Amino acid sequence: MTRFGFVFHAPERPPVSASESNARVFGLADPDTAARYGYQNPSMADAPRQRGSDRQLTEAEELALMGEDDLDPADMPSNLEDAEKGGGSDVKLNGQRLPVGGCVRESFLKLYARKANEVDILFVFNLKSEADSKALEDSRVRAVSKRWSECMAKAGYTVADPMKAAREMGFSEGALSSARAITAAKADVRCKQQVNLVGVRYAVTVAYQKQLIEKHAETLSLAKQQLESRLALAASLTR
């Protein structure tokens with residue numbers, strides 16, 4: 001943004017620890033959290049409200065940041081090498097050609113896709129999603145989810161999906177930590193514990209993950225090397 005003559009400050013984001021981001025992989029599972037917050041995410045409930053820029057971006061700043069509105073993703077360069085060969089878009093700001101996709105896209109390519117042969121940044125995430133999908137279709141997970149649903153029915157709640165319990169019970173965003181939500185959340189966790197839902201889902205998911213890791217070991221090794229390189233670059237930029 002400075003290159004195009006703009007002063008830009010990105011909105012601050014509260015830090016999220018690995019334990020927080022993985023706390024609900026299999027839905028609400030901690031009885032203490034359920035008793036205190038209901039279905040509300042503790043990190044959202046306790047975090048101070050973050051402020052971004054008080055000033056709206058001008059049209060030119062928005063263009064520099066995000067690029068043209070009507071860009072087709074298929075027309076955007078997939079790596080930095082191709083982007084530099086192309087020389088940028090036909091749009092000029094302050095006498096300079098704007099990168100295709102603006103500063104955001106250029107930054108992404110510099111950090112995540114510097115060369116054409118790099119492993120797609122989404123490859124590992126897609127493997128994780130594949131393992132999750134296979135686990136959800138597994139008969140063992142289906143059976144334990146049904147037992148959880150039956151347990152919840154005995155407690156007075158009609159729900160089918162452990163991951164969507166709050167939504168199925170009709171709790172809005174503002175009512176996730178209400179007294180009713182806390183009561184339901186406590187019952188939810190009790191039922192998960194009674195049927196060992198988390199234990200079964202964990203074991204099945206890990207089994208599918210291991211299958212995919214073995215199948216794609218070579219690509220994952222390359223992805224790990226590239227990740228280490230990206231982390232080193234990121235560290236150099238934020239010193």
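User: Leaving aside neighbours within four places in sequence, which residues is methionine 169 in contact with?

Analyst: This is a predicted model, so take the contacts as computed ones. Methionine 169 is also listed with Tyr39, Trp148, Met152 and Phe171 as having the most contacts inside the largest nonpolar core. Leaving out neighbours within four places in sequence, its partners are Tyr39, Met152, Tyr157, Val159 and Ala184.

User: Which helix gives the largest share of that core?

Analyst: The core has 29 residues. The largest share is 7 residues, and the helix behind it is H10.

User: What else is there in the way of a core, and how many residues does it have?

Analyst: Another core lies apart from the largest one, and Met1, Phe4, Phe6 and Leu93 are among its members. In general, nonpolar side chains in soluble globular proteins tend to be buried together. The count for this other core is 9 residues.

User: How far apart are the end C-alpha atoms of H11, and what span should its residues give?

Analyst: Helix H11 runs over residues 197-215, which is 19 residues.

User: What covers the buried residues of H11?

Analyst: The buried residues of H11 are Leu197, Val200, Arg201, Val204, Thr205, Val206, Tyr208 and Leu212. Their cover includes H7, H8 and helix H10 (179-195).

User: At what angle do H7 and H8 pack?

Analyst: H7 takes in residues 123-137 and H8 residues 139-154, with axes 5 Å apart. Ala135, Leu136 and Glu137 of H7 make the contact with Ser139, Val141 and Arg142 of H8. Those contact residues split into 3 nonpolar, 1 polar and 2 charged. The packing angle is about 65°.

User: How are H6 and H12 oriented to each other?

Analyst: H6 (residues 102-112) and H12 (residues 217-238) have axes 9 Å apart at an angle of about 125°. Lys110, Leu111 and Tyr112 in H6 meet Arg230, Leu233 and Ala234 in H12, a contact with 4 nonpolar, no polar and 2 charged residues. Angles of 65 to 115 degrees would count as roughly perpendicular and over 145 as roughly antiparallel, so this pair is oblique.

User: Is arginine 97 buried, exposed or partly exposed?

Analyst: Arginine 97 sits in strand S2 (residues 96-97). Setting aside residues up to four places away in sequence, it touches Phe4, Gly86, Gly87, Gly88, Ser89, Asp90, Val91 and Lys92. Buried means under 20% relative accessible area and exposed over 50%; with 38%, arginine 97 is partly exposed.

Technical notes: Residues numbered from 1 in each chain as written. Predicted model: local features only at pLDDT ≥ 70, side-chain atom pairs only at ≥ 80, totals over all residues. Heavy atoms only, no water. Axes fitted to C-alpha atoms, helices over the stretch in contact; angles between N-to-C directions. Helix = DSSP H or I, 4+ residues; strand = E, 2+ residues; numbered from the N terminus. Contact = heavy atoms within 4.5 Å. Nonpolar A, V, L, I, M, F, W, Y, C, P; charged D, E, K, R; others polar. Expected span 1.5 Å × (residues − 1). Buried < 20%, exposed > 50% of the residue type's maximum accessible area, 1.4 Å probe, protein only. Core = buried A, V, L, I, M, F, W, Y, C linked by side-chain atoms within 4.5 Å. Parallel < 35°, antiparallel > 145°, perpendicular 65-115°, else oblique.
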